[in-house]
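Subject: Structure handover

Hi,

Here is the structure I promised to pass along.

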Amino acid sequence: MQVLLLRKVSNGLLFVSGQGEKQQHVVKRSMQICESGYDHYCLNNGQCILLVDVNEHHCKCETGFIGSRCEKLELVSGAEGEKQIIIITFFVILLIIGLAGALYFFCRWYKKNSFHPQLRWQGYKGVQMA
């Protein structure tokens, strides 16, 4: 059984074919849009393409979908997933810095406004009248 893997390039599609990981090679195929009978061949707004050399129909999937007919949802897609991870990491670091700053200022405030241990044992004497 020969496995074909679609790869997008600017001027067409490249297929990586071969058996397993040992003998892969890249072949450029000529393609065209499928005829009207295949309008609903691809799911989730995928575009049907006909590989002229081998007379096979394949789908060019929209971002976020994968599979031979674009039937599977890709939970994390390449560059977008990396962007999301970077943004989330940035905000988590910002949150940690903010919490550390708030803790620092709370500790300073608490030390400044707390009673000294000697005054605590003496008790509150109130306001003395002259």
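To start with a quick one: is I33 buried or exposed? I33 is exposed, since its relative accessible area comes to 55%, and the cut-off for that label is over 50%. Before I go on, please keep in mind that this is a predicted model.

Staying with I33 for a moment, you'll find this residue in strand β4, which covers 31-33. Leaving out residues up to four places away in sequence, I33 touches Q47 and C48. There is also a spacing you can check on your screen: I33 and L51 sit 18 residues apart in sequence, with 8.9 Å between their C-alpha atoms.

Next, the core. The largest nonpolar core has 7 residues: C34, C42, C48, L50, C59, C61 and C70. C34 has contacts with C48, I49, L50 and H57, again not counting residues up to four places away in sequence.

N45 is in the loop between β4 (31-33) and β5 (47-51), and its phi is near 60°, a positive value in a residue that is not glycine. N55 belongs to the loop between β5 and β6, and here phi is positive too, at about 55°, although N55 is not a glycine either. How accessible are they? N45 counts as exposed because its relative accessible area is 68%, and N55 is likewise exposed, at 59%.

Moving along to strand β6 (residues 56-60), that is where H58 sits. H58 counts as buried because its relative accessibility is 16%, where the limit is under 20%. Its side chain makes a polar contact with the side chain of E56, at 3.2 Å.

Last, the helix. Which residues form a nonpolar patch on the surface? They are I87, F90, F91 and L94, and together they have about 420 Å² of accessible area. One of them, F91, lies in helix α1, which spans residues 78-113.

That's what I have for now.

Cheers

Conventions. Residues numbered from 1 in each chain as written. Predicted model: local features only at pLDDT ≥ 70, side-chain atom pairs only at ≥ 80, totals over all residues. Heavy atoms only, no water. Patch = residues over 30% accessible without salt bridge, like charges linked within 9 Å, V, L, I, M, F, W, Y side chains within 5 Å. Areas by Shrake-Rupley, 256 points an atom, 1.4 Å probe, with all protein chains shown as cover. Salt bridge = Lys/Arg side-chain N within 4 Å of Asp/Glu carboxyl O. Helix = DSSP H or I, 4+ residues; strand = E, 2+ residues; numbered from the N terminus. Buried < 20%, exposed > 50% of the residue type's maximum accessible area, 1.4 Å probe, protein only. Polar contact = N/O pair within 3.5 Å; in protein donor to acceptor, adjacent residues only side chain to side chain. Core = buried A, V, L, I, M, F, W, Y, C linked by side-chain atoms within 4.5 Å. Contact = heavy atoms within 4.5 Å.
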